[in-house]
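Subject: Structure handover and notes

Hello,

Please find the structure below.

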Amino acid sequence: MLAVVILSVKRDQVSLEYHTLFLEETMNNIQAKKTNFEGGETFDRSLREQVIQNLMVGTSGDTFYASKRELSEQAESVLRQGIQEDPEFVAKAAVYARNHGLIKDAPVKALAMLAAGRGKTKSAFEAAFNLVIRIPDDLRKFALQLSSGSIAGKRGLGGFAKVAVRGWMSNISEHHAVKYGSQSSKGMTLRDLIKMSHPKPQNEAMSERFGWLIRGNKALGANPELNPQIRALEALKQAQTEEQVIALIRQGRLPFEVVVPAVQQTTPGIWRELLFQAPYMNLLRNLVTFTRHDVFRQEDVVSHAVTKLIDQDQIKRSKVLPFRFFDAYNQYSKQELKDSRILDALREACNSSFVNLSSFGSQNVAIAPDVSGSMNSTFGKGDTAFIDIAGVFTGALLRQIKNRAIVLPFETRVRHDHSISVRDDVLVTAEK
């Protein structure tokens with residue numbers, strides 16, 4: 001069998017899908033035709049494939065041919081029909097998209113729609129809930145959608161949805177409470193979720209944790225061994241010297257997100273400590289920020305960053321997709337004080353990022369990147385365009401699949417005048 005991977009911005013084709021899920025069904029169900037957003041003729045697909053596509057692509061912004069509103073309405077219509085016909089399949093697809101596709105918003109939306117199905121969807125919802133809601137941000141988005149009335153048939157957090165939220169909050173970790181517990185969070189806070197779901201603390205530490213999320217420092221008791229991260233954060237807010245701040249960051253392993261707003265003033269020494277504590281994705285995202293605060297003037301910091309960026313095990317565990325390295329490379333390369341060793345590390349890391357992509361077994365694979373003008377639309381809030389993402393994935397897939405791939409760039413027809421090669425770095429392929 002030949003696997004075909006189409007990398008395109010157009011949602012009614014296939015965008016950035018590289019898994020072989022339901023590939024045989026895809027090949028058997030593309031006979032009927034319909035009209036796409038451009039007004040042209042395109043292939044129709046089975047409902048199951050449309051559910052997978054909407055959950056795996058997760059496009060929630062404006063594209064060249066369709067607005068965010070149109071795409072959102074289309075996705076909701078597909079999910080609603082899928083839930084009516086087969087809620088268990090939608091639940092499984094949402095779990096797959098969240099855990100294998102690394103998509104967040106679309107699976108949470110599907111879960112919220114399952115919560116509105118009452119008895120018919122209850123078992124599917126309950127089976128999927130803890131596999132889709134992985135972090136507090138997922139839970140906040142889920143509760144906000146139900147409370148906002150944007151989900152047809154559901155207004156407010158009640159029924160089995162409330163029971164699920166209560167169970168999740170009953171087991172919230174101290175790390176998650178610290179990282180996501182700000183009362184200034186937009187839309188929905190963990191404090192709001194506690195008040196809405198009324199979780200029951202199972203022990204003294206959890207009782208204190210809930211109290212802190214609601215009342216802050218006043219809720220901390222006399223036992224210093226309970227919730228050490230929370231206590232380190234509260235002490236950080238009162239710290240007067242750089243030495244105190246650094247010691248508390250180290251002692252509490254406090255995440256970047258809570259340290260910066262908590263300290264009275266940051267220094268290069270504090271930023272240095274934050275870099276040494278930073279998880280892989282945090283380091284990748286904040287290379288420009290760390291540069292701006294002069295931490296890369298020290299050789300040991302540069303050496304640490306380079307070693308971490310090219311660490312194969314960390315790249316694999318972080319599940320960072322290839323285009324994130326491309327974006328980091330582009331942003332960092334614009335800095336006046338950039339270091340060539342970090343640029344080389346980003347290039348090497350991008351080449352290694354294909355470890356998280358499918359190899360399609362032993363199949364031959366045709367990779368068809370859309371190189372038409374519509375692909376020059378930018379992705380999200382940055383400068384990265386859809387054509388860049390297609391290029392990065394093409395390069396990464398070529399390195400993963402090696403001698404079993406053929407590249408077919410297309411506009412109105414396939415372009416044969418290209419020099420794309422499996423021997424190129426991923427970033428070189430993206431540029432081509």
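P107, V108, L111, L114 and A115 of α5 are in contact with F125, A128, F129 and V132 of α6, where contact means heavy atoms within 4.5 Å. Sorted by class, this contact comprises 9 nonpolar residues, no polar ones and no charged ones. The classes are as follows: Ala, Val, Leu, Ile, Met, Phe, Trp, Tyr, Cys and Pro count as nonpolar, Asp, Glu, Lys and Arg as charged, and the others, Gly among them, as polar.

Before the rest, the conventions. The model is predicted, so local features need pLDDT of at least 70 and side-chain atom pairs count only at pLDDT 80 or more, while totals for chains, interfaces and linings use all residues. Residues are numbered from 1 along each chain as its sequence is written, and side-chain values use heavy atoms, with hydrogens and water left out. Helices (H or I, at least four residues) and strands (E, at least two) are DSSP runs, numbered from the N terminus.

Helix pairs

The angle between α5 and α6 is about 155 degrees, and their axes are 10 Å apart. That makes α5 roughly antiparallel to α6. For angles, under 35 degrees counts as roughly parallel, over 145 as roughly antiparallel, 65 to 115 as roughly perpendicular and the rest as oblique. Axes are lines fitted to C-alpha atoms, for helices over the stretch in contact, and angles run from 0 to 180 degrees between N-to-C directions. α5 and α6 cross in a left-handed sense; a crossing is left-handed if the near helix is turned anticlockwise from the far one by less than a right angle, and right-handed if clockwise.

For α2 (residues 47–57) and α3 (residues 68–85), the axes come within 9 Å and cross at roughly 130 degrees. The two helices α2 and α3 are therefore oblique to each other. Their crossing is left-handed. On the α2 side the contact uses L47, Q50, V51, N54 and L55, and on the α3 side Q74, A75, V78, L79, Q81, G82 and E85. By class this contact of α2 with α3 has 6 nonpolar, 5 polar and 1 charged residues.

α11 and α12 (residues 228–238) pack at about 35 degrees, with axes 11 Å apart, and this crossing is left-handed. E208, R209 and W212 of α11 meet I230, R231, L233 and E234 of α12. The class division here is 3 nonpolar, no polar and 4 charged.

Helix spans and burial

The expected span of a helix is 1.5 Å times one less than its number of residues.

- α8 (residues 159–170) has 12 residues and should span 16 Å; its end C-alpha atoms are 17 Å apart, which agrees. Its buried residues are F160, A161, A164, V165, W168, M169 and S170. Buried means under 20% relative accessible area, exposed over 50%, and partly exposed in between (1.4 Å probe, protein chains only). The cover over the buried residues of α8 includes α5, α6, α7 (136–148), α9 (174–180), α10 (190–197) and α11 (204–215).
- Buried in α21 are I342, L343, A345, L346, A349, C350, N351 and S352.
- α22 (residues 386–401) has 16 residues and should span 22 Å, and its end C-alpha atoms are 22 Å apart, which agrees. Of its 16 residues, 14 are buried. K402 follows α22 and has a positive phi, near 60 degrees.

Loop residues

H198 is not a glycine, yet its phi is positive, at about 55 degrees. H198 sits in the loop between α10 and α11 and is partly exposed, with a relative accessible area of 47%. N203 is found in that loop between α10 and α11 as well, and at 44% relative accessibility N203 counts as partly exposed. N203 and D383 are 180 residues apart in sequence and 48 Å apart in space, C-alpha to C-alpha.

F360, also not a glycine, has a positive phi of about 60 degrees. F360 is placed in the loop between α21 and β4 (364–369), and at 5% relative accessibility F360 counts as buried.

Q298 lies in the loop between α17 (287–292) and α18 (299–309) and is partly exposed at 36% relative accessibility. Its C-alpha atom is separated by 9.3 Å from that of R272, 26 residues away along the chain.

Regards
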